[in-house]
Amino acid sequence: MDDLPTLPPLAVDIDGTLTDDERRLDHRVLPLLREWAESTPVVVATGKALPYPVALCEFVGVPTTVVAENGGAAYVARTDELRYTGDREAADAVAEEYAAAGHSLGWGGVDLANRWRETELAVSRDQPLEPLREAATRHGLEVVDTGFAYHVKSPDVDKGKGLAAVADSLGIEVGSFAAVGDSANDVAMFERASVSYAVANADSSARAVADHVTEGSYGDGFIEAIERIRAGVD
């Protein structure tokens, strides 16, 4: 037992990594996250608005340590620090311009995707992309396709910087993290981590940057990744 490697802190995406292809959480990941958090920090890093990863941490039973909105929001319960970075006013201006051009954000009358979003805008992927990109560019923003939504955000905000802020709050090096994800918005996080895993369903940008690509997809890929991290595979 003394020869087992020390577990690194873990940063993990939600959609497409802890879920299946219909965004349903894989129940098998819950005890694994709890076990990991007993010995070292677990950071849930997502493109979702802040309440979603906070709720996930509470229901899983791990300390609330999250990066949300692609790095635009970060919260560490241990230090009671909440940080927002981004330009929501510019994102709102993009939404107004997009609507004036006859397009919808695509979430229906009750827009839960953006209701609690503080730093960016999320648009359904069934809506036109090019006019959204053009409007974002006019307002100094960029559009990132996470595979689940188009995110209109500040170009200087990403999960890597969000993870670095959380690491600083925790008093650990961001380069000590192992990271697992599946999307373009995970690339900056992969670049900051000591080791990174893209699950098999990951998009091409995440696969290209990751140190490893799992054989399994979605929750199977996450389980495979943490088994390899635990075994000290690098």
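Mentor: Buried means under 20% relative accessible area, exposed means over 50%, and partly exposed lies in between. Keep that in mind; this is a predicted model.

Trainee: Why is glutamate 97 called partly exposed?

Mentor: Its relative accessibility is 25%. The cut-offs are 20% and 50%. Glutamate 97 therefore counts as partly exposed.

Trainee: What makes arginine 138 and glutamate 97 a salt bridge?

Mentor: The closest N and O atoms of arginine 138 and glutamate 97 are 2.3 Å apart. The limit is 4 Å. The pair forms a salt bridge. It links distant parts of the chain: arginine 138 is in helix 4 (residues 130–138), glutamate 97 in helix 3, 41 residues apart.

Trainee: Is arginine 138 buried or exposed?

Mentor: Its relative accessibility is 55%. Exposed means over 50%, so arginine 138 counts as exposed.

Trainee: How do you know that arginine 125 and aspartate 145 meet in a salt bridge?

Mentor: The N to O distance between their side chains is 2.8 Å. The cut-off is 4 Å. Arginine 125 and aspartate 145 meet in a salt bridge. Arginine 125 sits in the loop between strand 6 and helix 4, and aspartate 145 in strand 7 (residues 142–145). Arginine 125 has a relative accessible area of 38%, so it is partly exposed. Aspartate 145, at 26%, counts as partly exposed.

Trainee: How many salt bridges does a search of the whole structure find?

Mentor: The search finds 15. One network of salt bridges links Asp13, Lys159 and Asp186.

Trainee: Why is leucine 18 called buried?

Mentor: Its relative accessibility is 0%. Buried means under 20%, so leucine 18 counts as buried. Leucine 18 lies in the loop between strand 1 and helix 1.

Trainee: Why does threonine 119 count as buried?

Mentor: Threonine 119 has 5% relative accessibility. The cut-off is 20%, so threonine 119 is buried. Its place is in the loop between helix 3 (88–100) and strand 6 (121–123).

Trainee: What makes the link between threonine 119 and glutamate 69 a polar contact?

Mentor: A distance of 2.6 Å joins the two side chains. The limit is 3.5 Å. The link between threonine 119 and glutamate 69 is a polar contact.

Trainee: How do you know that strand 4 and strand 5 pair?

Mentor: Pairing needs at least two bridges. Strand 4 (residues 73–76) and strand 5 have four, in the antiparallel sense. Tyrosine 75 stands opposite leucine 82 in strand 5. The two strands form a hairpin with four residues between them.

Trainee: What about strand 1 and strand 2: how many bridges join them?

Mentor: Three bridges join strand 1 (residues 10–12) to strand 2, and they run parallel. The requirement is at least two. Between these strands the chain passes through helix 1 (residues 29–37), and the β-α-β crossover is right-handed.

Trainee: What order do the strands of the open sheet take?

Mentor: The eight strands follow the order 5-4-3-2-1-9-10-11, with mixed pairing.

Trainee: Why are strand 5 and strand 11 at the edges?

Mentor: Strand 5 (81–84) and strand 11 (212–213) each have a single partner strand, so one side of each lacks a neighbour in the sheet.

Conventions:
Residues are numbered from 1 along each chain as its sequence is written. This is a predicted model: local features need pLDDT of at least 70, side-chain atom pairs count only at pLDDT 80 or more; totals for chains, interfaces and linings use all residues. Side-chain values use heavy atoms; hydrogens and water are left out. A crossover is right-handed if, with the strands pointing away from the viewer, the path from the first strand over the helix to the second runs clockwise. Buried means under 20% relative accessible area, exposed over 50%, partly exposed in between (1.4 Å probe, protein chains only). A polar contact is a pair of N or O atoms within 3.5 Å; within protein, one must be able to donate a hydrogen and the other to accept it, and residues adjacent in sequence count only if both atoms are side-chain atoms.
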